[in-house]
Amino acid sequence: MLTRKLFRTLWRYKAQFISMIVMVALGVGVFLGFNVEWYSLEVNTREIYDATGFADFRIYSENGFGEEDLKAVKAIGGVEDATRFLTLNMAVQGDTDILALTVSENMKVSGILLTDGAPYDENDPDGFWLSDSYAAANGVSLGDSLTLTWQSLTFDGIVRGLVKSGEYLICLPDSTQMMPDYSSYGYVYVSPALLDRAVPEAYRDSLGSLYRQINVKSDLDKAAFVERADRVLGATRLILSKDETVSWAGTQGEVDEGKTMASILPVLFLAIAILTMVTTMHRITASEKTQIGTLKALGFKDRRILCHYSVYALTVGLIGTGLGIGLGYWFGWFIMNPDGAMATYIDMPSWDLFAPRFTWFVLAGINVFLTLIGFLSVRKMLAGSAADALRPYSPKRMKHLPIEETKGFKRLGFGTKWNLRDCLRHKARSFMTLFGIVGCMVLLVGGLGMKDTMDAFLDVFYEKAINYTTRVNLDSGAMTLEEGKALAQSLNGDWSASRAIRIGEKGYSLEIYSITRDKVRFADTDMKIVPLTDDGAYICSRIARDHGLAVGDKFSFSPYDSDEHFTVPVAGVLDSMTEGVFMTAAFADKAGIAYTVASVFTDEADIPEDSRILNRQSKQSVMDSFDTFMDLMNKMIWLLVAAAVVLGIVVLYNLGVMSYTERYREMATLKVVGFRDSKIGWLLISQNLWLTVIGIAVGIPAGIGVLGFLLAALASEYELKLSLGLPTWLVSILLTFGVSLIVGLMIARKNRHIDMVAALKTEE
């Protein structure tokens, strides 16, 4: 009998049960989805790091490292293994593409993972092991021949294998690009034998060692390793830990961002789901009070009645959790699949989905808690004798509030007074409605505000700051300073130089600019374009924050591979893509800082062939990479907007039905005394709109606060500044109002079917 009653009751309250199931499914789906995303990324990236021997430290030297240097590093206590490492950005002959030619003398460190073709052979003088993503984007197949050029050297070879590498997990040519573009940039591993064949001995003697890097696997912390490496190498070197590389920092940044998101948005959805469950189960058990009393009068024990009604909550939890698990894995797959959003950024071989173990315990706990809600809701109705339980549920009597005696309240219309009293009488329902509207606004303002913020960022840094057509990268070691300036003059361009420096114990980039043609611009912390002056050095806001520096302060830095120390004043603080120090060439000359020209920024379309030119990078190629980034971001934003709309509809409809049920007898009374259906419907709609206005007023600052927190936690490396445009305000407000109005109209239509006689027979 109770089984049949279970299904009849589920059907009777189908709207409420469906809304609770949807909210639980959304909460579980968002919670599981975000955790699947970051944990799958963590597991899959660790697999390729382990498979390719990703290095823990990288030691750099402009003069290169010999075999004795490598032996000295390997002899350091705590060093597991090491290799001399070479990477050179080379032009693909007959094309504008660039390939990072890479050599690792010991493939156990900073090696490769073969995905197709022949295994790596260190003695093969003609073999190319090419990035499979670059090959796919450019139609290169196994057995094809490629020719690369660098200065006056030519590297030709045959594609033996297609590979992936932990070193190039995020494959970017430089810090100006945020997203990889394999159609124009990739990497290729070659053997030391090919390097020996392609580089004449006389050329090597003139350059010194080509291996400008030693990659090391070690469990030492950075401070200990740096101290020991400097001691055995006899000089201060630029040493980066894996945390300071793009491939590691970028992927771990995504993991940390996923963890942060998993600790914010799911909480909102789960909180709304649980609060919806509390209020709805209370209302259902209140409506079932007579049924509960009847069962008790028929001899059913309290324990059995409790179990029966607890099953409703358990059913909602289990169905919602099941749907939520499917939704969560779909969300994880949407982000984490070879053709998905994350694949445009991270080049992983495996895209398997994993969920952290703790998520299953959380889901089990959610179902236990939901069942407990149902248990506690019905237990309250079982208090007293069977006769007490048989009496219909009566809401608590509403006492007159002091505000009702004021002249202002008495001047209000009937509808306003009625709705105010109802809100105060049913505080839980009113609070839940308000909470749902606030949640809807937070998602809309946060999602659309992130798009506004990124649009403003791109407008400043890539539309205004990049005022050139082509960036020409030079081989600064193959020319003097005067030759570099002359080359820049011939291209009618501005130029820059770069040196690696150390401030305290951390390494940064020193960028020196000569800007006479307005090809490069800079933005201050207010995102306004400002010129560089000759009064001192400019630092990025991250350096200012980390070292407690402000305009007018002085700071010291030391170039690597040098015993020099420089103390300079801070002329300004900039927002930038590069974490570094910036100054004019005039100030660098005055301070006595040595440099050579590294890049030229020009609008010249016809750039002559010159052995001193390493490669060319167009502004358009940089912007194209952002199209991919913005496409990824837009997909995430529309997901948030869709989630906000679903959240608003489900919560408001569920609570609207509850409001209609609770006020059924009151509306029947209004109909008896002559109120038309349209007037009663407006009373229902107006209360929703009141709460919507309050929810919007609270949701706007809450959304701004959440967005500000996310920008600080997720995108601090880009130095984003929160920006919200007028369309965001309008869309967020109008969409929330629209959802509230549509749901109100749906509920208002129900008053046409009120049975006045039956309603007024019930005991109040």
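**Figure 1. Helix α2 and the glycine that follows the helix.** Just after α2, G53 adopts a positive phi of about 65°, where helices (H or I, at least four residues) and strands (E, at least two) are DSSP runs numbered from the N terminus. This is a predicted model, in which local features need pLDDT of at least 70 and side-chain atom pairs count only at pLDDT 80 or more, whereas totals for chains, interfaces and linings use all residues. Residues are numbered from 1 along each chain as its sequence is written, and side-chain values use heavy atoms, with hydrogens and water left out. Helix α2 covers residues 14-52, and at 1.5 Å a residue its 39 residues should span 57 Å, which agrees with the 55 Å between its end C-alpha atoms; the expected span is taken as 1.5 Å times one less than the number of residues. Of the 39 residues of α2, 29 are buried, so the helix is largely enclosed by the rest of the structure. Here buried means under 20% relative accessible area, exposed means over 50%, and partly exposed lies in between (1.4 Å probe, protein chains only).

Figure 2. Strand β2 (residues 79-92) pairs with β3 in the antiparallel sense over seven bridges, two strands being counted as paired if DSSP finds at least two bridges between them. Within this pairing, F85 stands opposite S104 in β3. The two strands β2 and β3 form a hairpin with five residues between them, and G94 in the turn has a positive phi of about 80°. Strand β3 also pairs with β8, in the parallel sense and over five bridges, and the bridge partner of I98 in β8 is Y185.

**Figure 3. Salt bridges between charged side chains.** A search of the whole structure finds 15 salt bridges, each defined as a side-chain nitrogen of Lys or Arg within 4 Å of a carboxyl oxygen of Asp or Glu. One of them joins the side chains of R58 and E167 (2.8 Å, N to O). This pair links distant parts of the chain, since R58 belongs to strand β1 (residues 57-60) and E167 to the loop between β7 (153-164) and β8 (185-189), 109 residues apart. Both R58 and E167 are buried. Another salt bridge connects K164 with D132 (2.9 Å, N to O), and it likewise links distant parts of the chain, with K164 in strand β7 and D132 in helix α4 (residues 132-138), 32 residues apart. K164 is buried, with a relative accessible area of 7%, and D132 counts as buried at 16% relative accessibility. The side chains of R521 and D518 meet in a salt bridge of 2.7 Å, N to O; here R521 counts as partly exposed at 26% relative accessibility, and D518 counts as partly exposed at 36%.

Figure 4. Leaving aside neighbours within four places in sequence, F557 is in contact with I501, R502, I503, L510, E564, H565, F566, V568, M583 and I593, contact meaning heavy atoms within 4.5 Å.

**Figure 5. The surroundings of V520.** V520 lies in the loop between β13 (506-514) and β14 (522-524), and at 11% relative accessibility V520 counts as buried. Apart from neighbours within four places in sequence, V520 is in contact with A465, Y468, D494, Y513, I515 and F601. The C-alpha atoms of V520 and D494, which are 26 residues apart along the chain, are separated by 7.6 Å.
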